Amino acid sequence: MLQVRKASERGHANHGWLDTFHTFSFADYYDPAFAGFRTLRVINEDRVAPGGGFGTHAHRDMEIVTWVLEGSLAHKDSMGNGGVIRPGDAQRMSAGTGVRHSEMNASDEEPVHFLQIWILPDRPGIPPSYEQKRFEESERRGVLRRIASPEGRDGSVKVHQDVSIYNALLDGQPLSHPFAPGRHGWLQIARGEAEVNGLKLLAGDGLAIAEEPSVTIAGREAEVMLFDLN
């Protein structure tokens, strides 16, 4: 089964400094048909104006993965971590028993465009932790590159849940991903256009995947995120 979540049907809010689209229910936006998918709870596509950002705030019991598409994002947290996230950097923060952090546009001149992803952890109350790793364009062009997994496989960041996240920069050659029996998938078109098992998808579209042995993704000059979930 393949179910398309059209970009135009997502939740949307424009706060001036923040232009955000919600694939799933988030904050004041609620859609009972899209309250999450398996353990995937949030995919927010955010554009933050120069100098703007999310001031210090708290989270707990959530795996938070940030992937920057354009621009740069400055991170600080109560664990003492700090740095700048740029395109190709996967940031994972396990909120666990509780953490406070801020995410600000690192530029006073250019906007930042990124995806923020929330995944339910496999258990509550884990110690908070942070990780950031870089994946060059050459590693992701024409291949589904694993950027997050429960075991930190292939040099990916480690998430505390049975989910693998892949990123690919499509270059015209079809890419296939098999699903083990009982596994599910979510595909998010981050940029550009792609065709997945014959379905045409546009930037911002999502695709829920269930009871499918595999998917084949084709496109050119597009970027996709694929989630393999239990």
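## Asn197 and its loop

Asn197 counts as partly exposed because its relative accessibility is 33%; here buried means under 20% relative accessible area, exposed means over 50%, and partly exposed lies in between, with a 1.4 Å probe and protein chains only. You will find Asn197 in the loop between β18 (194-196) and β19 (199-201). Strands here are DSSP runs of E with at least two residues, numbered from the N terminus. The phi of Asn197 is near 50 degrees, a positive value in a residue other than glycine. For context, most residues other than glycine have a negative phi.

A quick word on the model: it is predicted, with local features needing pLDDT of at least 70, side-chain atom pairs counting only at pLDDT 80 or more, and totals for chains, interfaces and linings using all residues. Residues are numbered from 1 along each chain as its sequence is written, and side-chain values use heavy atoms, leaving out hydrogens and water.

## Glu211, another positive phi

Glu211 is not a glycine either, yet its phi is positive, at about 55 degrees. Look for Glu211 in the loop between β20 (206-210) and β21 (214-218). With 75% relative accessibility, Glu211 counts as exposed.

## The seven-stranded sheet

Now to the strands. Seven of them form an open sheet with antiparallel pairing, in the order β2-β3-β4-β11-β6-β9-β12; two strands pair if DSSP finds at least two bridges between them. The edges belong to β2 (11-14) and β12 (129-134), which each have a single partner strand, so one side of each is left without a neighbour in the sheet. From one strand to the next, the twist averages 15 degrees, where axes are lines fitted to C-alpha atoms and angles run from 0 to 180 degrees between N-to-C directions.

Within this sheet, β6 (residues 63-70) and β11 (residues 112-119) pair in the antiparallel sense over seven bridges. If you want a landmark in the structure, Trp67 stands opposite Leu115 in β11.

## Strand β15 and its partners

Strand β15 (residues 163-171) is mostly covered, with eight of its nine residues buried. Three bridges join β15 to β13 (residues 145-149), and the two run antiparallel. Here Arg146 stands opposite Tyr166 in β15.

Strand β15 also runs antiparallel to β22 (residues 220-229), and nine bridges join them. Along this pairing, Leu169 stands opposite Glu223 in β22. As you look along the strands, keep in mind that side chains in a regular strand alternate between the two faces of the sheet.

Conventions: Helices (H or I, at least four residues) and strands (E, at least two) are DSSP runs, numbered from the N terminus.
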